Amino acid sequence: MTENSNGIDFSSVRAKLAGEGRKRFWQSIEELSNTKEYRDFLEHEFPADADKAPDGLHRRDMLKLMAASAAMAGLNACTKLPTEKIVPYVRPPEEIIPGKPLYYATSMPLHGVGTGVLVESHMGRPTKIEGNPEHPGSLGATDVFMQASILHLYDPDRSQTVIYDGRVSNWSSFAAAMDDARIQLAPKGTGVRILTQRVTSPTLAAQIRKLLAQFPDAKWVQYEVSSGDSIREGTRLVFGKPVHPVYRFAEADVIVSLDADFIASGPGHVRYIRDFSSRRDLAAGSASKLNRLYTVESMPTSTGAMADHRLPLRAADVENFARLLATSVGVNVPPGTAAKIPGDWVAAVGRDLASHRGSSLVIAGEEQPLVVHAIAHTINSALGNVGKTVIYTEPLDANPVNHLESLRDLVGDLNSGQVEFLLILGGNPVYDAPADFDFASALMKARLRVHTGLYNDETAELCHWHVPGAHYLESWSDVRAYDGTVGIIQPLIAPLYDSRTTHEVIATLTGDGGTSAHDLVRNYWQSQRPEKGQAFEAFWETSLHDGVMAGTALPPVSVTATMDFAAQARAQSTGDAGALEVVFRPDPAIGDGEFANNGWLQELPKPITRLTWDNAALLSPATAQELGLQKGDYVKLRLAGREAKAGVFIVPGHADHSVTLHLGYGRSRAGNVGTGPGFDAYLLRDSSALWIARGLSIEKTGDKYEFACTQQQYTIDLDGHPADEESANAFRRDLVRVATLDEFHKNPAFAKDPQEEATKDLTLYPGFEYKGYAWGMSIDLNRCVGCNACVIACQSENNIAVVGKDQVARGRAMHWIRVDTYFNGGLENPATYFEPLPCMQCENAPCEYVCPVGATTHSSEGLNDMTYNRCVGTRYCSNNCPYKVRRFNFYLYSDYKTPSLFGMRNPNVTVRSRGVMEKCTYCVQRINAAKIRSEEENRTVRDGEIQTACQQACPAEAIIFGNINDKSSRVSRLKAQSRDYSLLADLNTRPRTTYLARLRNPHTEIHD
Amino acid sequence: MAQIFHRSTNLIARASIYGAVLIIGGLGYALYAIALSPWYTEQGLERQQPVPFSHRHHAGELGIDCRYCHTSVEQSSFAGLPPTQTCMTCHSQIWTNASMLEPVRESYRSGQSLAWTRVNALPDFVYFDHSIHVSKGIGCTTCHGPIAQMALTYRAGTLYMSWCLDCHRQPAQYVRPRSEVFNPFYEPPSASHPVMFEGKEFTDQLALGRLAVKEYKIHTLQYCSTCHR
């Protein structure tokens, strides 16, 4: 393969893929074209130049330094332990046992929708978020945002004081100013505007209504980027009133996603993953019936990766697809144009849907125009799915409005000088409002501007008053879940700073100033509930304890589809069909920008692209080729007279002639972490085309942009080196094993390679006999949806440091578990497979043999112990690890300086220092805690009693941990399945982590 | 040819070779001795405390159970240090005017905690758990020494890893009946002082220990992640 230093030769890559067909699993285009960068990462533990000495250091100086460090190294130990103080309580609080964590239930609100969490608290410090098994939106699982919200709480860049006119002020001055404002604005409140994000909180809604009753001329405006507008308005279009769809994926045999990434975003996505993957489960035996997912999308997403059939289509063409699909199942809508859409594909999907009446489901994505939503709902009604796979309830919103129009009205009022007083409760419209609104200059026309939010951000800067908002872990509040169930938000800790909840801020205007948020919430529910007196006490305590108010899920409402919308003009089909399309999407890691200052999320490799610390102009290989672009070209993007500059990133499987831009980056006032990375895609985003626009032009600037992408890092050499005689195993060892359902039925043991099976137990010596416990893990690739929750959960549980973009680019990201992504098939539409990869805990661990100081050793329960205090940082272990799961602290990555972060750390895990190797330990702190508990109770550890952090977070239940010596344990039963296989089994490492091979359930009539 | 070196050079050479070996060895020994010396290990060092609390008086003479103050020793990794309130349960009634106890009363009045100096400290990378040790029949005094005789509290053992491993390798030498765990006057069985365990009388620690190891299912955990993680 020729190497092209200037870029990638797509034609040779295509030729190579065509030659290898479906046999080859590949990770990156760089791998296929065998670039130097790729080989660097493949052949070396770290790229060749990554650990180069600084320039200007001579050999002699180096030797001197080495000698000095060798001499000094021994002195390290010559310190006495520092004298410490123990400071007990004066009066001990109830329930707290020092050294034992407590768990409290609360709910995390995200875009107005709550998901239940259980928060681990050590001596009053919340340290870890887990899902609340009692909560319908969680069922015990979490997503990346929930996991990372703990870092949000302790973020040292959070706003800490009340600000007035750019100067430090205080709450009492603010309260006094609000009292004055109340008097001035009375009696009608002319010119009062309240701007909130999406509100489902019954208490907050009641407060706002009270305010509106006091000031009849006041108006309530709601705006949020992920507002659910298209979902609400789509239902309004077809049913005549806004309703809220709740999907039941567990009941659906055939699912069609019309550009809907229901796995990664939207209300209830955590629950939806659980329901979806419960139908990808073969562990139940032959009785289990696999669902089938069709995905039509422009940007490859996790949902596309899970699809049995995926069709890359420009976002604007999805409407055409939806119309064709509707026609094929007999729904009467004006048909779409069939250009670029394979007719037999649509027909086959249509037949599959039609043969699954009542057990199929069509979902439209939030970025899609209303008419696509309307068509999806119509198809579901026509197929009799309503009441079975989808139910409709009243909207979750306390006041379901169209956010875009609501904000448009506000901007109009601002510009005409009608706004006397603007209260912004959360949100950052100066940054994220549509560009044509020019919200910043409109805002300045309001006479008094008040902002409350977690950060002193772009919007706060332009307001007179800024009140630090309380984090949900510091707040009393309430919020509705995806199905309407109310969850009480209770604080885990007193506010770290002088921050207030939105309830307290608005109370200063309703005349309830001085009432605590707790009383506001409790009083509201006391007035609403039928229970009185003691009965209410009991109800309140139960709701707090469980984290949910029983029986508050919204009841289904009956709806009738009208076909009025069908006559409407097509939303997106107009315009120059050949023009380059641009699609805006909230970033999969940092959302709409809300989490920009969260280092964990910034450093999280995004699904599919595995890009960190950046957004990019994401486009397909063919489009890049057509436009003469290479990965890393820095380009100018022009859309309707607006301009932004971005790096180009090529994504296999992206639709042609379409560019995806992730929102949330390019912040100018986010904090030390979030200010800087990426570019601001909001600059191009217009209210006339919020999500999908046409007419983008791309112009090279000639500069290059460096990305920190982990996709080609930690690559494992699959080919071996034919030239290397040691490499007798020069056959291909695919790390992901896949079969179709038919192939699986013919050969249930397809994942086992006979050659590997023959060699994997070859040894001269008798094996070690593991008595007692033998810990092991099974990861079901058929269930894993690549959501990354495990990665952040691990980071939170194990005090894993953030290293920054530069270090990530050098292959030094510290994640103990990574989600490897493999592609199979051509560049245009490859099948995508996720493979979470923690330490394999090999029984014959190559790392252990080479450690010169015994810092990594084997436990009698089969763990590869890593003893940080012994490690001297030779990195031999990492060099010898075939799975590349060891992580080295090249610098002092852990933050030893910022006091607010100390409180966040798990006290049961060492915070690693510089020069120390670290890796996954199967959460040995949890194993030890459970073992101690069981020994004290004179029993053995129960199956399922120990959950590793990754397992507990996993919404798909793809990761199962347990004792493999117990043949009845869940993990043993999974490992006994025919789909079980080990990675690189021929190396005889005997990994304790094994995988269950992926199955696809393709439609027999579609061949792609 | 004349000798280049004087005859005495032989002696000097010998002396310097043996001398070097001796000096290096001596230095090594000195370092070793220092590392084990109470100066370095702080073994036996009585710490100054805000209140000169005497375990001899409270645990020894008055016979207050260890768990009256160290409440979480049976449930948690941390044995627990008594909150001021615990002191005041008695000292609001007795010795109410003792000047020695003024810091305790002041703490109770002001709500400011007493700051005790840690006596038994382990490095932060060691995760020791009290509850499992006491539930497996390791007595308080096994590690904390003759606490009932300590006027001011001092560290009884080195708390080195080798010291931990002494017991983790041969628990039978140290383990005692669970009923005796919190007895600060417990003495291991001997001919003159037999100990009852499981209805039998023992005069030999090893015999008692072996039975206790079996009865209490004591493992000899020695792999690293037992304590380091």
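These exercises walk through a predicted model, with a worked solution after each task. Local features need pLDDT of at least 70, side-chain atom pairs count only at pLDDT 80 or more, and totals for chains, interfaces and linings use all residues. Residues are numbered from 1 along each chain as its sequence is written, while chains are lettered from A and ligands numbered from 1 in the order in which they are written.

**Exercise 1. The overall build**

Task: Compare the radius of gyration of chain A with that of a compact globule.

Solution: 
- Step 1. Take the radius over C-alpha atoms; the globule rule is 2.2 Å times the number of residues to the power 0.38.
- Step 2. For 1008 residues the rule gives a value near 30 Å.
- Step 3. Chain A has 29 Å, which agrees.

**Exercise 2. Strand 32 and its partners**

Task: Is strand 32 of chain A mostly covered or mostly uncovered, and which strands pair with it?

Solution: 
- Step 1. Strands are DSSP E runs of at least two residues, helices are H or I runs of at least four, and both are numbered from the N terminus. A residue is buried if 20 or more other C-beta atoms, placed from the backbone, lie within 10 Å of its own; it is exposed at 12 or fewer and partly exposed in between. Two strands pair if DSSP finds at least two bridges between them.
- Step 2. Strand 32 covers residues 818-824, and six of its seven residues are buried. It is mostly covered.
- Step 3. Strand 1 (residues 25-26) of chain A joins strand 32 through two bridges, antiparallel. Here A:W26 has A:F823 as bridge partner.
- Step 4. Strand 33 (residues 831-837) of chain A pairs with strand 32 over seven bridges, also antiparallel. A:Y822 has A:Y833 as bridge partner.
- Step 5. Six residues lie between strands 32 and 33 in their hairpin, where A:G825 takes a positive phi near 105 degrees.

**Exercise 3. Where chain A touches chain B**

Task: How many residues does each chain give to the contact, and which element of chain A supplies the largest share?

Solution: 
- Step 1. Two residues are in contact if their C-beta atoms, placed from the backbone, lie within 7 Å.
- Step 2. Chain A gives 33 residues and chain B gives 35.
- Step 3. Helix 30 of chain A supplies the largest share of the chain A side, five residues.
- Step 4. Now the pairing: strand 2 of chain A and strand 1 (residues 116-117) of chain B run antiparallel, joined by two bridges. A:I86 stands opposite B:W116.
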